[in-house]
Amino acid sequence: MATKIYLSTTGAITDPEDARISVFDRGFLYGDSVYETMRTAGGRPIELGRHFERLHRSAAGIGLTIPFADEMLEQTIAQCHAASENLESYVRVIVTRGTGPLMLDPRRSEHPTLVIIVQPLSVPSEEVYRRGLSVVIVGTTKTQGGLVDPAIKSGNYLGSILALRQAIAEGGEDAILCTGAGEIAEGATSNVFYVVGGPDGIELRTPDLQAGLLAGITRELVCELAVELGLPVHTHRVWPDELRAADEVFLTSSVRGIMPVTTLDGRSISGGVEGVTTARLRARYDAYLDACTRG
Ligand SMILES: Cc1ncc(COP(=O)(O)O)c(C=O)c1O
C-alpha cells in the first residue's frame with residue numbers, strides 16, 4: 001500500500017517525496033483551482049462520470065478550461081492506483097490554473113496543472129458509524145461575502161476549515177455551516193440529511209441546492225437509494241432548530257458515505273446511536289458499494 005502522485009508538469013507518477021510543484025502555481029498562491037475527491041470500489045473510482053461532470057462545472061464556474069481529456073484522467077487514475085498496489089484508494093484530482101507571474105491577473109497563466117493523488121483508502125470503523133459523530137452548527141458560512149459560489153468545488157476551503165476549527169473548539173468532531181440568512185447549508189465537507197416521522201410516515205429531508213451548497217455526488221446517490229427503499233425525500237429551506245429537533249441526522253460524502261450524527265450542539269439525537277432509518281440507508285449504500293466492487 002502506498003501513496004502515488006501524478007503531476008502533469010513532469011508527466012510522471014511519483015512517490016510523495018518526489019512530487020514537487022512550483023511555488024508560483026496559482027493553486028498554491030490563491031486557491032485558484034478546482035478538485036474532486038472520490039474513492040474506489042473494486043479498484044475503480046465510483047461515480048467517476050458524475051465527478052468529472054462536477055469537475056468541469058466547477059472549472060467553468062471559475063473560467064478555467066481543463067485541457068486534459070476525461071479518458072486521460074481516467075487512465076492516469078487507474079495507473080496511479082495500480083502503482084500504489086492499494087486494495088482500495090482515496091483519489092483526489094486537482095486542476096489549478098497553473099503557474100504565472102506573481103500577479104492576480106489570470107490571463108497570464110496559460111497552462112493548467114493537473115495533480116492526481118492516490119492514497120490507501122481509510123474509512124471510519126463500523127464502531128464509529130454506530131456511535132455517530134458529535135457535530136456543531138456554526139454560524140459562519142462559506143458564502144459570506146458571496147464571492148465564490150458554494151456549488152463550485154474550488155481549492156479554497158478556508159470557510160470549511162474555520163468552521164471545523166470552531167466546531168472542534170466547542171468539543172465537536174465536525175461542523176455544519178449555515179447560509180448568510182442563517183439556514184442550514186451543509187457540513188464542512190459533506191451534505192446534511194435528517195429524518196422526520198411526519199403524519200404520513202417517515203420522510204427524509206435535505207437542504208435545497210438553492211440555499212447555496214455543493215451538489216454532493218453522495219447526496220444525489222442517497223436520494224436515489226432512498227426512493228428505491230420507498231422513503232420519500234424532500235428538499236427544503238432548513239433552519240437550525242428544525243435540524244436539532246429531527247429524529248435522525250446524518251452527513252454524506254464520497255469517502256465516508258453515510259455518517260450518522262448522534263450529538264448536535266451538545267444534545268443527543270436518536271438516543272445517541274445511529275437511527276433505524278439511517279442504518280437502513282447505510283445498509284443499502286453498502287450494498288451499492290458491494291455491487292460496484294463486483295463490477
Ligand atoms: C463542502 C462540501 N459539501 C459536500 C460534500 C460532499 O460531496 P460528495 O458527496 O460529492 O463527496 C463535500 C465533499 O468534499 C464538500 O466538500
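**Exercise 1.** State which strands helix 3 lies across, and its angle to strand 6.

Solution. Helix 3 (residues 70–84) lies across strand 1, strand 2, strand 3 (33–41), strand 4, strand 5 (89–96) and strand 6. Helix 3 runs at about 35° to strand 6. Helices (H or I, at least four residues) and strands (E, at least two) are DSSP runs numbered from the N terminus. Axes are lines fitted to C-alpha atoms, for helices over the stretch in contact, and angles run from 0 to 180 degrees between N-to-C directions. Residues are in contact if their C-beta atoms, placed from the backbone, lie within 7 Å.

The model is predicted: local features need pLDDT of at least 70, side-chain atom pairs count only at pLDDT 80 or more, and totals for chains, interfaces and linings use all residues. Residue numbers start from 1 along each chain as its sequence is written.

**Exercise 2.** Give the strand order of the six-stranded sheet and identify its edges.

Solution. The order is 2-1-6-5-3-4, in an open sheet with antiparallel pairing; strands pair if DSSP finds at least two bridges between them. Strand 2 (12–14) and strand 4 (44–45) each have a single partner strand, so one side of each is left without a neighbour in the sheet. Strand 1 (residues 4–7) pairs with strand 6 (residues 113–120) over four bridges, in the antiparallel sense. Tyr6 has Ile116 of strand 6 as its bridge partner.

**Exercise 3.** Describe how the two domains meet.

Solution. An automatic or database domain assignment supplies the bounds: domain 1 spans 4–120 and domain 2 spans 126–294. Their C-alpha centres lie 26 Å apart. Domain 1 gives 22 residues to the contact and domain 2 gives 14 residues. On the domain 1 side, strand 3, helix 2 (48–61) and strand 5 give two or more residues. Strand 3 has the largest share, eight residues.

**Exercise 4.** Characterise the packing of helix 6 on helix 8.

Solution. The angle between helix 6 and helix 8 (residues 276–294) is about 110°, and their axes are 10 Å apart. Helix 6 is therefore roughly perpendicular to helix 8, a class that covers 65 to 115 degrees. Helix 6 contributes Val222, Leu225 and Ala226, while helix 8 contributes Leu281, Arg284, Tyr285 and Tyr288.

**Exercise 5.** Which residues come nearest to the ligand, and which element gives the most to the shell?

Solution. Leu214, Gly216, Ile217, Thr218 and Ser254 come nearest, out of 14 residues around the ligand; a residue is near if its C-beta atom, placed from the backbone, lies within 6 Å. Helix 6 (217–228) and strand 13 (248–253) each supply at least two shell residues. Helix 6 gives the most, with three residues.

Definitions and conventions:
Parallel < 35°, antiparallel > 145°, perpendicular 65-115°, else oblique.
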